[in-house]
Amino acid sequence: MSEPWRPANHLTWLCQAPQLLDCPETFPLRDHLPDDWPSRLAGWAIDPESRPAALAEPANPRLGYYFERLYECMLTEFLGWPLLAKNLQVRDVAGRTLGELDFVVQNPHTGAVEHHEIAVKFYLGYAGQGEDNGWFGPNSRDRLDLKVNRLLDHQSRLGERPETQALLADLGVDKPVTPRIFLPGYLFYPDGGAVQLPDFVPDDHLRGHWLYHHETRSRDTRHWVPLHKPHWLGPWWQQEPPDAGLASTALASVEEYRRPRLFAALEQATDTGFWHETARTFVVPSNWPGQS
């Protein structure tokens with residue numbers, strides 16, 4: 001069997017992944033997907049000529065840009081919603097950038113014009129003291145609470161500004177836009193130590209674990225594989241057995257370069273012989289969450 005077409009995995013994950021935010025602005029994607037989306041995606045995987053142009057390009061290692069491409073494909077190909085604008089930059093009269101609207105779409109079921117802000121995020125729970133206790137991105141400059149506050153208080157409110165309304169009027173949109181937020185991702189829990197989960201995080205969120213590099217010495221990592229962006233999306237699978245040497249080298253790089261790495265633990269399926277992800281773990285250097 002040839003190498004799998006990975007965008008199919010990634011788009012499947014996008015369509016099915018639970019979100020990290022439950023609020024009135026959250027976009028309930030799964031409520032809008034047509035019943036035939038899995039079969040259409042399977043057809044693209046088999047027939048390269050049938051694939052949308054957005055998915056024919058190589059995957060961008062910058063996960064945010066790649067995720068936007070997947071989301072646009074979902075909106076236009078699966079939902080069939082008219083795309084009125086994307087990455088619409090809003091500036092004030094002095095030319096300073098106030099923000100950007102990720103997607104402006106027409107909801108054909110309600111007739112409403114919707115402004116969708118999207119992000120895919122990965123946060124590690126840290127059981128520190130005081131303000132150090134919380135959910136941090138792998139580089140620790142990003143925090144779940146700060147990201148959600150910005151989405152709710154700034155990014156999703158951008159459509160209310162007169163500068164934005166003037167831009168939208170040029171596109172023929174002369175009524176208020178409805179803000180929507182789409183925020184799937186993973187939360188990685190520490191081994192031991194209690195980290196408080198924010199009230200806005202749904203119970204069905206995707207989970208992993210994180211470890212310090214020295215803690216992996218007592219773990220069996222022979223069936224681990226390092227995951228590179230954009231393959232942080234979706235469960236990993238491969239035909240060949242995991243390379244224990246590759247995992248060992250990747251683990252050593254965590255402490256050497258002071259950079260967290262994401263790994264998937266694989267098990268072999270008895271029916272197909274393929275190796276499938278059963279768990280995922282972030283490994284962080286000894287100075288984390290301090291800056292590298």
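Tutor: Helices (DSSP runs of H or I, at least four residues) and strands (E, at least two) are numbered from the N terminus. This is a predicted model, in which local features need pLDDT of at least 70 and side-chain atom pairs pLDDT 80 or more, while totals for chains, interfaces and linings use all residues. Residues are numbered from 1 along each chain as its sequence is written, and side-chain values use heavy atoms, without hydrogens or water.

Student: Which element gives the most to the lining of the largest pocket?

Tutor: A pocket is an open set of points on a 1 Å grid over the protein atoms alone, where a 1.4 Å probe fits, with protein on both sides within 12 Å along at least five of seven lines; lining residues have an atom within 4 Å of a point. Here the lining has 45 residues, with Leu63, Gly64, Lys121, Asn139 and Lys229 nearest the centre. The top contributor, with 5 residues, is H4.

Student: How many charged residues line the second largest pocket?

Tutor: Let's count by class: Ala, Val, Leu, Ile, Met, Phe, Trp, Tyr, Cys and Pro are nonpolar, Asp, Glu, Lys and Arg charged, and the others, Gly among them, polar. The largest pocket's lining has 18 nonpolar, 13 polar and 14 charged residues. The second largest pocket has 17 lining residues, with Ala8, Asn9, Thr12, Trp13 and Trp237 nearest its centre. That lining has 14 nonpolar and 3 polar residues, and its number of charged residues is: no charged.

Student: Are H1 and H4 roughly parallel or roughly perpendicular?

Tutor: Their axes (lines fitted to C-alpha atoms over the stretch in contact, with angles from 0 to 180 degrees between N-to-C directions) come within 10 Å and cross at roughly 75 degrees. Under 35 degrees counts as roughly parallel, over 145 as roughly antiparallel, 65 to 115 as roughly perpendicular and the rest as oblique. H1 and H4 are therefore roughly perpendicular.

Student: Which residues of H4 make the contact with H1?

Tutor: Contact means heavy atoms within 4.5 Å. By class, this contact has 12 nonpolar, 1 polar and no charged residues. H1 brings Pro7, His10, Leu11, Trp13, Leu14 and Cys15, and H4 brings Tyr66, Phe67, Leu70, Tyr71, Cys73, Met74 and Phe78.

Student: And which residues of H4 make the contact with H2?

Tutor: H2 and H4 pack at about 110 degrees, with axes 11 Å apart, and are therefore also roughly perpendicular. From H2 come Trp37, Arg40, Leu41 and Trp44, and from H4 Cys73, Glu77 and Phe78.
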